[in-house]
Amino acid sequence: MSEQTATLEAVTATTIPLLDTAASVAGRIADYAANQTPSSLVEGLKLLTPSLSNPAHVLLLGVAGYFGFRIVMSATTASKPERFSMSSISSKKVPAKRDFTPHELAECNGKDEDTPLYIGVKGIVYDVSQSRGFYGPGGPYSNFSGRDASRGLALACFEESVLTGLDDPIDNLEDLDQAERDSLDEWAEFFAGKYVPVGRLVAPKAEEKKSEKSKSEKSEETETKAEKAE
């Protein structure tokens, strides 16, 4: 038998009788109180009050106090959610980070199960693939998939009209008022606490911007031709 096991058994052997005694005392008090008048009850309870000069009573009070404290602490903390801190995501498996231009982010729109679902919030790109029901096709926040959702979150507006165009400069959010900034900060904290960051949202370099604009124009031309053909 290991030393730890022996110690545990010794503590258990000492604690269980004390708890049995506490239960017995509580039962005696309940039986006594049920058959007494208020005045006699006060006098009678004095007889049941543990004596601080008795080591056994002091130990019993200590054990009862300890378990009482544990019960109270459990009740008061169980309903409170754990506050987010950056250390809470330090143990998450984070993919290799990279920079995303608006067009590159738009490709990660979760259109099917094989396509990742990313969203930009305050310049950080998060993988929200685990919440396809919310951000994926048909979800209530699907307009944010593959896009910078910062302004929409700040304004509590989930319409496509609040999104910045893919060929426009990245939204600097300078016109937000304090309440809107506070709201966005709360959303940013939520995303940082729940989802894995995979990179940053950045403006494309000059040559990349030209290439992306050309691709966008060709895509629009193709869609227009298809519509005319129909």
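Analyst: A residue is called buried when its relative accessible area is under 20%, exposed when this area is over 50%, and partly exposed in between, with a 1.4 Å probe and protein chains only as cover. By this rule Arg151 is buried, because its relative accessible area is 18%.

Some remarks on the source come next. This is a predicted model, in which local features need pLDDT of at least 70 and side-chain atom pairs count only at pLDDT 80 or more, while totals for chains, interfaces and linings use all residues. Residues are numbered from 1 along each chain as its sequence is written, and side-chain values use heavy atoms, with hydrogens and water left out.

The chain has 230 residues, of which 24% count as buried. It contains eight helices and four strands; here helices (H or I, at least four residues) and strands (E, at least two) are DSSP runs, numbered from the N terminus. Read from that end, the order of the elements is α-α-α-β-α-β-β-α-α-α-β-α.

Strand E2 covers residues 118–121 and strand E3 covers residues 124–127. The two strands pair in the antiparallel sense over four bridges; strands are said to pair if DSSP finds at least two bridges between them. Within this pairing, Gly120 stands opposite Val125 of E3. Both faces of E2 are covered: Tyr118 and Gly120 are buried on one side, and Ile119 and Val121 are buried on the other.

Two residues separate E2 from E3 in the hairpin, and Lys122 in the turn has a positive phi of about 50°. Lys122 counts as partly exposed because its relative accessibility is 44%. Its side chain meets that of Asp185 in a salt bridge (2.7 Å, N to O). A salt bridge is a side-chain nitrogen of Lys or Arg within 4 Å of a carboxyl oxygen of Asp or Glu. Since Lys122 lies in the loop between E2 and E3 and Asp185 in helix H7, the pair ties together parts that are 63 residues apart in sequence. Asp185 is partly exposed, with a relative accessible area of 36%.

Glu113 is exposed at 67% relative accessibility, whereas Arg132 is buried, with a relative accessible area of 18%.

The structure holds six salt bridges. One of them joins Asp175 and Arg151, with the closest N and O atoms 2.6 Å apart. Asp175 is in the loop between helix H6 (150–155) and H7, and Arg151 is in H6, so the pair ties together parts that are 24 residues apart in sequence. Asp175 counts as exposed because its relative accessibility is 55%. Arg151, Asp171 and Asp175 are linked in a network of salt bridges.

In general, side chains of opposite charge can pair when their charged atoms come close.
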